[in-house]
Amino acid sequence: MEMEIELVLSSSLHYMLPRKRAVGGEAVVAEGEEDNCSAGSLKKPRISTATTGTTETTGNVNSNSNSNSSIGNNNSNHSRGDAKPPIMALGEGNPPDIDEDLHSRQLAVYGRETMRRLFASNVLISGMQGLGAEIAKNLILAGVKSVTLHDEGSVELWDLSSNFIFTEDDVGKNRALASVQKLQELNNSVVISTLTTELTKEQLSDFQAVVFTNISIEKAIEFDDYCHNHQPPISFIKSEVRGLFGSVFCDFGPEFTVFDVDGEDPHTGIIASISNDNPALVACVDDERLEFQDGDLVVFSEVQGMTELNDGKPRKVKNARPYSFSLDEDTTNYGAYEKGGIVTQVKQPKVLNFKPLKEALKDPGDFLQSDFSKFDRSPLLHLAFQALDKFIMELGRFPVAGSEEDAQKLISFACNINDSSTVGKLEKIDQKLLHHFTFGARAVLNPMAAMFGGVVGQEVVKACSGKFHPLFQFFYFDSVESLPTEPLDPSDLKPINSRYDAQISVFGAKLQKKLEDAKVFIVGSGALGCEFLKNVALMGVCCGNQGKLIITDDDVIEKSNLSRQFLFRDWNIGQAKSTVAASAAASINRRLHIEALQNRASPETENVFDDTFWENLSVVINALDNVNARLYIDQRCLYFQKPLLESGTLGAKCNTQMVIPHLTENYGASRDPPEKQAPMCTVHSFPHNIDHCLTWARSEFEGLLEKTPAEVNAFLVNPIEYASAMKNAGDAQARDNLERVIECLDKERCETFQDCITWARLKFEDYFANRVKQLTFTFPEDAATSNGAPFWSAPKRFPRPLQFSIDDPGQLHFVMAASVLRAETFGIPIPDWVKSPMKFADAVSKVIVPDFLPKKDVKIVTDEKATSLSTASVDDAAVINELIMKLEKCQKKLPPGFRMNPIQFEKKGLLIHKNSAGWRGTDFDKLDKANKKDFTKNTLEEESTEAYASRTDENKCTLEEKSLVFRDPHSPTQLDYDGKKIPRKRGVITQDS
C-alpha cells in the first residue's frame, strides 16, 4: 500500500513541483528524489550496426523483458535469425508498464488491455518511401514493442516530396538505414531494427503484423499465403499510394476475433419498472434515450424485488424503443419489481473470416466506400492497380507521366484483366480516369501518404489488439478532383531535377510555382498543426521567393504531447510549441520561409493580425482545440474572403471542412443543437451518472480555485468600486459572492502549507462525508414524497458517506492535489517534504476533523426546474451591507499588496477534478455501472479538460481505473483528440469501418 501511495504521489508531483528537465536524452533526477528508474530508461538512444551490414537496431530493451523476446536485443549477433521473439496472437505477453504521462490520450481511446497488447507487438514495415515513413511514424508514436524497417533501395531526390525523414544529404543512402535515427527520436522505448536485403517468408514469423508498401502482387501473394496459414496467423497488410490514388488490402487470418467492434462504451439505462409478463416490458427513466437495438444482449444489476434478473445472465432485447424494450424472457413467476436496477449492454466479440490475397483479387467482395458519389470507382481501381503491377512486371519500370503510349498500354492490361474476370466484370472502363492513374503512377504524394499512413497505422493497431472493426478487405481511394481544372501539357509534367519532381509529375510545374509562392497562416501547432507543417514543407508550400508561412500558438510543450505531436522531442518540454515546430519544419525543407509567433489569434491581438496581414494571405489552416477560436478565425476568413481548411479529431474519429469563398458554407453557418443539461439539483444532490459527477467537480473547482480568487482580486484592486457594485446588485448572487470572498480571506485563509493541507482534508470531509450525511438525514432511505411514493426511486440513488483513510492512495491523492493547488492560489511555497508519501500522510493525519452534527432546518433543493441553489431573501440588501463591513475588516489583516492567483481549469485542475468526481461517484453507491470505463490514472501533464471518474465496483474507487471521458457542462460540443472541443458532429468519418 505504501508503494502504491508513493507511485500515486510521485506521478502527480512530477508535474506539480519544480523539476529539472532532461537534456540531450539523459534523464535528470531532481534533487531529493530517489533514482528508481531502470538503467535502460536513462540511456541515450543506442545505434549498433550488424557485422553483415544488413541489420541495424536502435532503442532500449526493457530490463524486465526476457532477453530473447525483443528484436535487436543485447545479443552481440544482430542477425534476424538470432533474434526471434515469441510468437504471440494479438501481441499477448508481458510488456513493460505503460507510461501514462506519455500515452494518456491513447489510454482514453484504446483502454489499458488494448495498450498492453499493442506494447507487446512486433511489426515489420517493408518499403520506406513516403507511405512507409508515415506508417512507421504512427506506430512508433503509438508505442508498439518493435518496428523493423525493410528496404533494399536507396534514397532518391524523387523521395523528398513525400518522406519527412530524408533530406538532400541522404540521397544515395539505403532508405531503411537513413530512417532509423530520426524515427528513434520519436519514442526511445520502441526497438527499431532494419533489414536491407531481400526478405524471405520465414522471416515474417517474427512479427504479429507485416505491412508492405512497395511489393509486386506475385510476391505479396506468396507472403500473404504464408501469413494466412501461419499458426497463429500473422496479420498481413498491403498498401500503395500511386499519385492521387491509393489502396489498402488486409488479411488478418482465416478466423480473426474482434473483441470490441466500435470501441464505444456499453449502452446502459436506469430501470424505472419491469412487468411480470411474457415477454417482460422494461421501462427506463426518460432523462436519456436508450441506445439498445433488437438482438442486443443485456445484463441486469441492483434490481430490487425481481432479484432473479440479477444473476448476470445475458438476456436478449426485443422491440427496442427510446425509453423501453421487451425482454425475451417470461417473468410471470418472478418476484414483483420494487425499485432500482441498471441494465447494461453486453458487447459481443465478432469473428471475421478473411480471404487470402490470391482469392480476394478474383472475388474482392464489398469494397469499403469513403465517397458514395464514386460508388462505381472501387471496382475500376481494383483493375487499375493490377494492371499497373502487370505493366511494371513486363516493362520493368513505371509509366512515364504524360506518356500516351504508356497510358494505352496500361489501359490494355486493365481491359485484358477485366475480360478474364469471372466475378464482377465491368461493362465499361473509364479511360480518362486510367489516364490520370497512369500519369501519376510513380509518384508518392505527401498528402496521400499521410492519409494512408494514418489508415494503415490504425489497421495495424486493430490487428495487434482486436479492438475496432478492421478494414474488410479492400479499400480504394482517389482524389482526382485535386487536379488542375485546365488540361495539363505533357511538357509541364516533366521532371526538373528538384525535390518536387514527384509532385510536378501529377500537378505540373505551374501549380508547383503557385504553391511555393503561397502565403499561409496556420493557427495552432498541436497534433494537427505538426502534421500540417510537415505536409506543407514537403509539398514546397511557401518555399518560393514570394512565399511565407506564419504559424502561431501560445502554448508550450508538455510530455503528454510527445505521443502524437511528432515534431517535438523530450528535450523540447517547456519550450514554445510554435517555435519548436517551425524549426522542425524548416529542417524538413530548408527552403521553407516560416515565422513562428506565440500570439493567440483573438480580438485582443488584432494589432498583430491586422487587416494588412489578412489581406495578404492565400489560405488559412486551422489546427485549433476549441470552438470559440474556430468561430473567430472563421469570421475573419469570411470577412476577408480567404479559403479556410478546418478539421478536428476525437479519438479514432475525425472531421474536415473546406471553406471556399462564394462556393461553400462557412464553419459558423451551422451549429449542433444544444445537448440536454442536467437539472441543477440533480448535479449537486442527486447524481445518477458519471457526467453529473464530472459537471459537479468542474463547477466546484472553478468556484474554489478560479472564480473566488478572481473575486478577491477584484475587491482588492478597487474596494470602493467593488462594494458599490455589490450594493447596487443587491441580490442573492451578490450576497453569495461576498460570503465566498470573506470565507476565503478569513475562515479559510491559508498562510502555511500545513494550512493548505488542513483546508484540503476538511474539504474532503465536507464533500464526501458531511454533505452526504446531511442529505440522508434530511431524506432518509425510507423517505416518501408528498404523494406517498418512495423519495429514493429511479433515477435517484441513495448515497453513502465515505470514511477517510490515509492508507487509501486515491483519497490521499485528492488531498495532495487540493493542497498543492490551494497553495498556488495563495502563493505559498510547496515544501520538498511533500515528495515523501510518508511525510505527507503524517501531515494529513495531524488535521483535526470536527464531528459532524446534521441540522434540522437545512433546505435541499429538489425542484428540477430550479436554475440556482441560492435563495433570494427580502433582507439581501441589509445582509450585503453587513458582509461588506466584514470584508473591509478582513482587508486590514492582509499584508500589503496581497493578491491571489486564480487557477484556470485546464492542466492543473485534473488531479483534484478526477478525484472529486471519482469519490463523489462512490458516495452514490455503485454509481451507474454503465459508466465504467477502462480507467487510468493520469498526471497534471494533460493539456485538455479531460477528467476522471472512479470505477464503482464494491463502492471502491480504484486509482488505476480512472475515466478519461469528460463532457464539458457549459458547451454542447464534445472534446477532441487534443482534449478540447470537436467542432462538428456532422461529417464525421471513422476508422472502425
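1. In what follows, a residue is called buried when its relative accessible area is under 20%, exposed when that area is over 50%, and partly exposed in between. By this rule R315 counts as buried, because its relative accessibility is 4%. Please keep in mind while reading that the structure is a predicted model.

2. E329 lies in the loop between β14 and β15 while R315 belongs to strand β13 (residues 315–318), so the pair ties together parts that are 14 residues apart in sequence. E329 is buried as well, because its relative accessible area is 12%.

3. A second salt bridge joins K318 to D328, and here the closest N and O atoms are 4.0 Å apart. This pair also links distant parts of the chain, since K318 sits in strand β13 and D328 in the loop between β14 and β15, ten residues apart. K318 is partly exposed, with a relative accessible area of 29%, and D328 is likewise partly exposed, at 45%.

4. Strands β13 and β14 take part in a closed barrel of six strands, which runs β10-β11-β14-β13-β12-β15 with antiparallel pairing. From one strand to the next, the twist averages 45°.

5. Helix α25 (residues 876–892) deserves a check of its length: its 17 residues, at 1.5 Å a residue, should span 24 Å, and the end C-alpha atoms are 25 Å apart, which agrees. Which residues of α25 are buried? They are D876, I880, L883, I884, L887 and C890. These residues cover an arc of only 120° around the axis, which puts them on the same side of α25. As a general point, an α-helix has 3.6 residues a turn, so residues three or four places apart point the same way.

6. Across the whole structure a search finds 50 salt bridges. Among them is the one between D842 and K846, whose closest N and O atoms are 3.8 Å apart; D842 counts as partly exposed at 40% relative accessibility, and K846 as exposed at 56%. Elsewhere, E134, K137, E531 and K534 are linked in a network of salt bridges.

Terms used: Residues are numbered from 1 along each chain as its sequence is written. This is a predicted model: local features need pLDDT of at least 70, side-chain atom pairs count only at pLDDT 80 or more; totals for chains, interfaces and linings use all residues. Side-chain values use heavy atoms; hydrogens and water are left out. Two strands pair if DSSP finds at least two bridges between them. Helices (H or I, at least four residues) and strands (E, at least two) are DSSP runs, numbered from the N terminus. Axes are lines fitted to C-alpha atoms, for helices over the stretch in contact, and angles run from 0 to 180 degrees between N-to-C directions. The expected span of a helix is 1.5 Å times one less than its number of residues. Buried means under 20% relative accessible area, exposed over 50%, partly exposed in between (1.4 Å probe, protein chains only). The arc is that of the directions from the helix axis to the C-beta atoms. A salt bridge is a side-chain nitrogen of Lys or Arg within 4 Å of a carboxyl oxygen of Asp or Glu.
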